[in-house]
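Please find below a colleague's note on the structure shown here. The points proceed from the overall fold to individual pairs of side chains.

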Amino acid sequence: MTQIDPVADALVAEWLSLSEVAVALNIPTSRVKQLLRDRKLLAVVRPGGQRSVPAAFLDGGQIVKGLCGTLTVLFDCGFDEEEALRWLFTADETLPGTPIEALCKHRGTEVNRRAQALAF
């Protein structure tokens, strides 16, 4: 994996290490790595070489509802991890706010419609 570019890195307010994600989800780190391989969660390599997950992807002790489906749509559209991260954390005036904020507010259908439109 290549290191995330500083502009994309700055879009995310708070990052978690894989071990911090494991603690938050109450699962082993190996299960977090499996979620990443299955593309149910997204991590990028940050400056310093550590793989990290945006804290906004977690809601209490679980992954934000709808995130897994949205990631699937984005990856099916040909996005890589950094592009998907940029899209999720870039403001969209039609939502309003960012797609990840909309997902956190249980507006996944709207987010997925916009993600699907990227394929066309």
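**Notes on the salt bridges and the fold**

1. Glu81 is partly exposed, with a relative accessible area of 25%. In this predicted model, Glu81 forms a salt bridge with Arg39, and the closest N and O atoms are 3.4 Å apart. The two residues are 42 positions apart and link distant parts of the chain: Glu81 belongs to helix H5 (residues 81-88), while Arg39 lies in the loop between helix H3 (29-37) and strand E2. Arg39 is also partly exposed, at 32% relative accessibility.

2. A salt bridge also joins Asp9 and Arg46, with 2.6 Å between the closest N and O atoms. Here helix H1 (residues 6-11) supplies Asp9, and the loop between strands E2 (44-45) and E3 (51-54) supplies Arg46, 37 residues away. Asp9 counts as buried because its relative accessible area, 12%, is under 20%. Arg46, at 22%, is partly exposed.

3. Within helix H5, Arg86 and Glu82 are four residues apart, about one turn of the helix. Their salt bridge has its closest N and O atoms 3.7 Å apart. Shared partners join Asp5, Glu82 and Arg86 into one network of salt bridges. The structure holds six salt bridges.

4. As for the whole fold, the protein chain contains seven helices and five strands. Buried residues account for 43% of the chain. Of the contacts with a separation of 6 or more, 59% are between residues 24 or more positions apart.

Notes: Residues are numbered from 1 along each chain as its sequence is written. This is a predicted model: local features need pLDDT of at least 70, side-chain atom pairs count only at pLDDT 80 or more; totals for chains, interfaces and linings use all residues. Side-chain values use heavy atoms; hydrogens and water are left out. Buried means under 20% relative accessible area, exposed over 50%, partly exposed in between (1.4 Å probe, protein chains only). Contact means heavy atoms within 4.5 Å. A salt bridge is a side-chain nitrogen of Lys or Arg within 4 Å of a carboxyl oxygen of Asp or Glu.
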